[in-house]
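I am opening a notebook on a structure that is new to me. My entries follow what I looked up, in the order in which I looked.

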Amino acid sequence: MALRGALVAQGSQIQKSIRLAVSKDVIARTIVFGTSIFDTKYRDDSIPAKSNYIFGDATINREFSSTEDDKDTVPRLSVAVVGAGPSGFYATKYLTSSVLKRVKRVESPGDTPSNFGWSGIDVDIIERLPTPFGLVRYGVAPDHPEVKNVENDFAALLENQNDLSSISYYGNVSVGKDISLRKLQSLYDVVILAYGCQAACKRLGIPGEDSLEGVLRAREFVAWYNGHPEYGHIGSIVQKCLWDSSACDEKTLDSSAISTARVVVIGQGNVALDCARILAKGKPGLINTDTPSPVLDILKGGVSHVSVVGRRGHIQGAFTIKELRELTKLKEEGHDVAFIVRGEELEMGMTDSSKEELKGAAGRPKTRIDKLLQDSARMGDSSDEESIHAGISSMNPESPKQVELRFLMSPVSIAPKDSNNDRVGKVICERTKLEGEAFNQKAIGTSESETLAADLVLVSIGYKGMPLEGMEESQMFDDSKGIVANEHGKVNRADNLFVTGWIKRGPTGIIGTNIMDSKDTVNSVMSFLDLKRNDTQPLSSSSENESGSLAGRNGLEEFLNSNNVDFVNWEQYLRIESSEKRQSRLRSDNQPREKFLSVEDMLIAAKR
């Protein structure tokens, strides 16, 4: 029996040990990947093969079929993608494309023959919520519809399919709860984790952060104003913070009333600026967006004062010029919001190292940010000499609403309004100064303090990934980094498991960043498939494994149905979408949709 195959070793940690025992029709092979071992037994071309996948230190039985020259008997690659956000859709798109290129190369008589081993690809996207699109639906600011339009590109993947590939959607399925990751690995040839970092946030680690009412994670606030079904309770907290301090009875105020509350946003990334902008705009500025109506009823006319605080200087801020420019234009766009930046803080942050960071092509984005902020600081038309001397720009000092960027301010504690109150009342900050070399400057405390009044505090210092159930025991998850441990998307200590997106690299970048990230993971998947070529071939999704149960898509549906999991398919999701866009639900002709705010309502619409 001719033996063919290649083992591609990735990294110095991978050791190879192949034990061959050849008889007339049986070959046994053991391959060692670091500390993980999978045993493969396969017979001649007429007998199904068998393999054991590794999940940490556990072994998963997975049956394989051998390669056949006849196209009708060559199996299709079965893939499960866990997470229906941008990274999951991009991984689906580029893996499907890569596989089809190889399949078509096999079919082309003029090309060099290639024994790829699969005749097509079937991808199943599994999402915890009934609705897809992840942070595009529940994270992107509602006044950024041009960003949300990427949903149309993702939807096209499920609506434009062919004989060689298919993509299915399974919403309302929680991996780790409704079905284990280990079970998925046993059903599919490849499993790609793309579930993001929405479950937790980084912490400040300062007094009052976890004990006072009115201190929220920006992740919670963003999810609430985007209508996430698990964060509706945040509305009552925001309502209390914004209106309990108002001189008027909140119930008697009209929808354009401006809250006198003061909000402090800690952190200076794009999410922080989004929160400030949404709070400042209020209902009048969001009426034609997909912000849920109950959210607008709470925000009303917006908030009188929002401070966005960062411990380093403006050159080190994590925001982009797009989000910054939106704040500077709030006044001229008719939202009656003054943008404030203090010239003295810009000057303090312009150290020699900061100037070095502005040099060259890499410094151009920050140079544009610096210019915009410096120009804003010089545009103050206030007659108040103290404000002019401080370089404060408010465009119009009489504006009823203000958004202020504060730099070189490090929060050291969050305190109540008084000693007998459990509600937030102020944020105590320490003035900092920058020390260190370019791109490695640290914010050093100066012992000078400033207290900012606060009726609501939003902590926006980054998201953090969490492991799926079972990962801790298998040591797949790197808790210090909040990611699944991987090398170019190939999960450590797991055979057919891959990862992409935030849960692969951490919560960095924009939606487009996931394109190259997904391509990197897809390259690792294709290398994995080449490794398997001529050695073992997974059964197609319509085949049965040795226990008689189905594999792939059919196996997933069999498992979900037998366990009474009420999953939502793509056609049913389209019913949800159609119901949300029904004219009778909309408050204006330009509102894109009125989202359902509970899973129960989504499921009712899906089953109509």
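Entry 1, terms and ground rules. I take helices (H or I, at least four residues) and strands (E, at least two) as DSSP runs, numbered from the N terminus. The model is predicted, so I note that local features need pLDDT of at least 70 and side-chain atom pairs count only at pLDDT 80 or more, while totals for chains, interfaces and linings use all residues. Residues are numbered from 1 along each chain as its sequence is written, and side-chain values use heavy atoms, with hydrogens and water left out.

I looked up Val74 and found it in the loop between strand E5 (58-65) and strand E6 (77-82). For cover I use these classes: buried means under 20% relative accessible area, exposed over 50%, and partly exposed in between, with a 1.4 Å probe and protein chains only. I then turned to Leu273, which lies in helix H8 (residues 270-286) and is buried with a relative accessible area of 0%. Leu273 and Phe319 are 46 residues apart in sequence, and I find 7.5 Å between their C-alpha atoms.

I count rings of Phe, Tyr and Trp (its six-membered ring) as a pair if their centres lie within 6.5 Å, and I call planes under 30 degrees apart stacked, over 60 edge-to-face and the rest tilted. By this rule the count comes to 14 aromatic pairs. One of them joins Phe89 and Phe154, which are stacked with 4.9 Å from centre to centre and 10° between the planes. Phe89 belongs to helix H1 (residues 86-107) and Phe154 to helix H4 (residues 150-159), so this pair ties together parts that are 65 residues apart in sequence. The rings of Tyr90 and Tyr94 are also stacked, because their centres are 6.3 Å apart and their planes stand at 20°. Both tyrosines, Tyr90 and Tyr94, lie in helix H1, four residues apart, about one turn of the helix. Is Phe89 buried or exposed? Phe89 is buried, with a relative accessible area of 0%, and Phe154 counts as buried at 2%. I also noted one aromatic cluster, whose members include Phe89, Tyr94, Phe133 and Trp570.

I take a salt bridge as a side-chain nitrogen of Lys or Arg within 4 Å of a carboxyl oxygen of Asp or Glu. How many salt bridges does a search of the whole structure find? The search finds 40. In one of these, Arg128 meets Glu230, with the closest N and O atoms 2.5 Å apart. Arg128 sits in the loop between strand E7 (121-126) and helix H2 (134-138), and Glu230 in the loop between helix H6 (218-225) and helix H7 (234-243), so the pair ties together parts that are 102 residues apart in sequence. Arg128 is partly exposed at 41%, and Glu230 counts as partly exposed at 36%. I also looked up Asp455 and Lys417, whose side chains meet in a salt bridge of 2.7 Å, N to O. Here Asp455 is buried, with a relative accessible area of 11%, whereas Lys417 is partly exposed, with 40%.
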